[in-house]
Amino acid sequence: MPNESIFERLSAAIIAGDKDKLSVAIEDALREGVTLTDIIDRGLSSGMKEVGERFARYEVYLPEMMMAAEAWEHAMKVLEPKLLDAGVERKKMGRVVIGTVRSDIHSLGKNIVAAMLKMSGFEVFDLGIDVAASAFINKAQEVSADIIAASALMATTMPQQKNIIEYLKARGERDKYCILVGGGCTTQEWADNIGADGYGKTAGDAVALALKAVSHKEASR
Amino acid sequence: MINFSKIVERAVTGPLCSERDFDLEIFVPNLRNVLTKYDIKYDPQNPVPADDELADRVWAAAVEFLYKTGVYCLDTERLILFTRDEIEGAIETGPRGVVFGADKDAKAMPRRFPEDKKPPWCSVGAAGSPVSSEWYLLNLVRAYAENPLGDSITTPSLTKVDGQDVVAGSPIGVEGAIRTMILVREALRRAGRPGMPIVNAVATAVRSQEHIAGHHFGIRTTDALEIGTVHELKVDFDALNKVAYSLGAGSLIFAENGVILGGLSGGPAGVSVVTAAYNPVDLLIIRGAVQHPFPTHFDLKTTSTRDTIWARNLATQAITRNSTLPVNNCGYVGAGPMTKMAFYEYAAWVIGAVVCGGSIEAGGSARGTGVDYTSPMEPLFSSEVAHAVAGMSRKEANDIVTALLEKYEDKLHSPPIGKRYQECCDIVTGTPSKKFIELYREVRREMADQFGLRFPCTSPYL
């Protein structure tokens with residue numbers, strides 16, 4: 001029976017975003033015979049959950065989120081091949097293509113949402129800022145995404161969110177992806193008007209929306 | 001001060017760096033180091049700090065942070081680095097007493113200090129807030145200009161031109177910028193203040209080509225183009241193009257930076273340092289005649305939260321005690337027009353900003369994002385508060401701001417959206433409704449009775 005301290009070390013390394021300490025903790029855990037599932041669920045995920053909760057309480061901010069998400073990805077690079085070898089299948093939360101729309105260079109809200117989605121187990125493909133409608137869709141197609149998440153801060157860049165939906169419709173692929181929109185000037189009314197599947201008023205809304213979108217997609221299969 | 005071509009040269013030849021490494025390997029650790037070294041900690045009990053020594057430590061931290069970090073150019077993925085001497089040289093040789101506006105509407109932007117009795121510069125208007133109709137824009141700007149305490153105009157953004165959505169970077173964006181300028185100039189003429197400076201020039205414009213187009217349809221060299229950086233300490237060629245054009249055209253520049261609380265700068269202590277660090281950036285890169293900060297809460301999307309108010313107030317003191325580049329503080333509140341909460345929020349951040357040595361730009365209600373959720377009343381009220389508290393001690397201001405925060409901060413997660421322009425103002429005359437004027441008078445009386453504020457008697461709605 002592994003002692004609690006190894007899980008605490010795994011969790012603490014995730015919270016600190018410390019990849020070196022995390023690598024050592026994973027090695028020690030494996031040496032102690034801790035199962036892969038326990039390493040992830042009782043160690044890493046518990047750390048990610050803690051970071052998310054602290055973020056919601058405004059105790060930590062974007063840097064801590066980004067570093068924790070990077071540490072998680074670092075750990076999963078080590079653990080995923082072992083999971084495959086062991087024949088353990090872990091449920092993937094879903095794939096998200098995210099970016100800030102064409103002509104808009106505001107990345108912060110998008111970065112927070114991307115970090116939160118990563119921390120919740122989504123595979124996130126961040127296209128950055130000033131992203132063309134077609135680029136969202138091409139990437140979504142390339143990685144078989146479940147969700148396209150488009151951020152727009154300005155009233156004059158919001159129409160680019162509509163473009164993504166129109167582009168998808170023109171390709172006859174509207175139902176292939178769930179479209180989530182958010183950002184400064186956007187509203188639920190706007191999301192409804194353009195036919196988006198979800199609107200996030202805050203970064204915190206994004207994860208709940210993404211989870212709902214994926215479960216809805218699975219249910220409709 | 002090193003010249004702009006040197007900046008551009010550094011943007012294209014500086015050390016290569018990925019954006020991720022700039023964020024997480026340079027910016028964040030450097031900021032954490034100076035926060036520890038200079039012992040800068042958030043004090044929620046004192047939203048208006050009154051510690052000169054702390055303010056000077058913030059400035060020292062900001063300068064050290066900037067020369068160790070530099071500014072990141074997104075287009076070239078390179079660092080624009082400065083020496084400490086270059087930063088200090090920029091402060092020593094930066095613009096002073098710059099005059100904005102023309103003819104009888106011309107006025108020098110004051111350099112103010114904490115607790116300064118000099119009246120602050122009041123820029124009035126809903127900076128960039130979306131409005132759906134050219135008619136609303138015209139009447140709003142006219143009403144802004146009819147406020148005698150308004151020193152400059154900051155314009156809202158048109159969302160539609162001839163029924164079409166204004167799309168940034170498109171020909172409709174260019175037309176939107178041109179249309180805005182023509183309307184704003186006409187509004188100022190109707191208000192009888194044709195020389196009043198427009199300081200965010202072409203709010204409808206996002207891209208440099210739109211700025212330039214708008215400039216040719218009414219912007220004067222006595223107005224200012226508003227040019228900003230990208231969060232945090234980043235620039236792109238589009239921003240540098242705006243600077244290059246403005247310098248060539250002889251335009252003044254309002255250098256804007258809205259550090260995001262919760263973003264890369266982290267919490268309030270980091271926001272105060274990064275906001276102060278932007279002051280030399282605004283001189284060296286943006287070539288501003290004034291710094292125009294609006295530290296904003298990442299989640300609540302306002303500048304009226306306790307932590308953003310503290311960060312702004314501390315940064316403003318740090319800057320005004322140590323730099324010659326004046327600070328014109330911009331702000332957005334959560335509640336919408338015709339709500340008491342919006343007035344309280346404006347009063348809270350404006351009082352702090354003014355007693356800490358800054359000037360103000362006010363008018364962005366409903367987070368500055370709800371289409372048509374704007375009115376001329378909030379900028380009017382803000383400018384009156386700003387004049388009423390000039391010369392007040394930071395200690396007294398701290399008590400008032402604390403009391404104001406208690407009135408609204410628990411509602412910031414779901415602030416009342418208030419009324420749209422067309423619901424709270426007469427769309428033909430642009431005059432606020434009778435009920436709105438009554439609410440405004442009631443809040444003025446409340447502020448006078450509770451806090452002893454003596455408002456100027458210049459309001460068109462008394």
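Which strands make up the open sheet of three strands in chain B, and in what order? I looked this up first. The order is β11-β13-β15, and the pairing is parallel. I note that the model is a predicted one.

**Entry: the three-stranded sheet**

I checked the edges next. They are β11 and β15 (290-293) of chain B, each of which pairs on one side only. Neighbouring strands here are turned by 30° against each other on average, direction ignored.

Then I took the pair β11(B) and β13(B). Strand β13 covers residues 252-257, and it pairs with β11(B) in the parallel sense over five bridges. I looked up two positions along this pair. B:E226 stands opposite B:F254 of β13(B). B:G228 has B:E256 in β13(B) as its bridge partner.

Is β11(B) enclosed or open to the outside? I counted its buried residues. Four of the five residues in 224-228 are buried, so the strand is largely enclosed by the rest of the structure.

I also looked for a helix on this sheet. Helix α9 (residues 268-284) of chain B lies across β13 and β15. Its direction is at about 145° to β15(B).

**Entry: the four-stranded sheet**

Chain B has an open sheet of four strands too, in the order β7-β5-β18-β17. Its pairing is parallel. I found β7 (152-153) and β17 (328-332) at the edges, each pairing on one side only. Strand β5 (residues 122-124) pairs with β7(B) in the parallel sense, over two bridges. Within that pair, B:I153 of β7(B) is the bridge partner of B:V124.

**Entry: positive phi values**

I looked at two residues other than glycine with positive phi. B:E115 has phi near 65°. I placed B:E115 in the loop between β4 (107-108) and β5 of chain B. Is B:E115 buried or exposed? The cut-off for buried is 20 or more other C-beta atoms within 10 Å. B:E115 has 20, so it is buried.

B:D372 has phi near 75°. This residue sits in the loop between β18 (359-364) and α12 (377-388) of chain B. B:D372 has 23 other C-beta atoms within 10 Å, so it is buried as well.

**Entry: helices of chain B**

I went on to α11 (residues 340-355) and α12(B). Their axes come within 9 Å and cross at roughly 40°. The crossing is right-handed. I listed the contact residues. From α11(B) they include B:F343, B:Y346 and B:V350. From α12(B) they include B:F381 and B:V385. By type, the contact divides into ten nonpolar residues, one polar and one charged.

**Entry: chain A against chain B**

How many residues does each chain give to the contact? I found 19 from chain A and 27 from chain B. On the side of chain A, the elements giving two or more residues are α4 (62-86) and α5 (108-119).

Definitions and conventions: Residues are numbered from 1 along each chain as its sequence is written. Chains are lettered from A and ligands numbered from 1 in the order in which they are written. This is a predicted model: local features need pLDDT of at least 70, side-chain atom pairs count only at pLDDT 80 or more; totals for chains, interfaces and linings use all residues. Two strands pair if DSSP finds at least two bridges between them. A residue is buried if 20 or more other C-beta atoms lie within 10 Å of its own, exposed if 12 or fewer, and partly exposed in between; C-beta atoms are placed from the backbone. Two residues are in contact if their C-beta atoms, placed from the backbone, lie within 7 Å. Axes are lines fitted to C-alpha atoms, for helices over the stretch in contact, and angles run from 0 to 180 degrees between N-to-C directions. A crossing is left-handed if the near helix is turned anticlockwise from the far one by less than a right angle, and right-handed if clockwise. Ala, Val, Leu, Ile, Met, Phe, Trp, Tyr, Cys and Pro count as nonpolar, Asp, Glu, Lys and Arg as charged, and the others, Gly among them, as polar.
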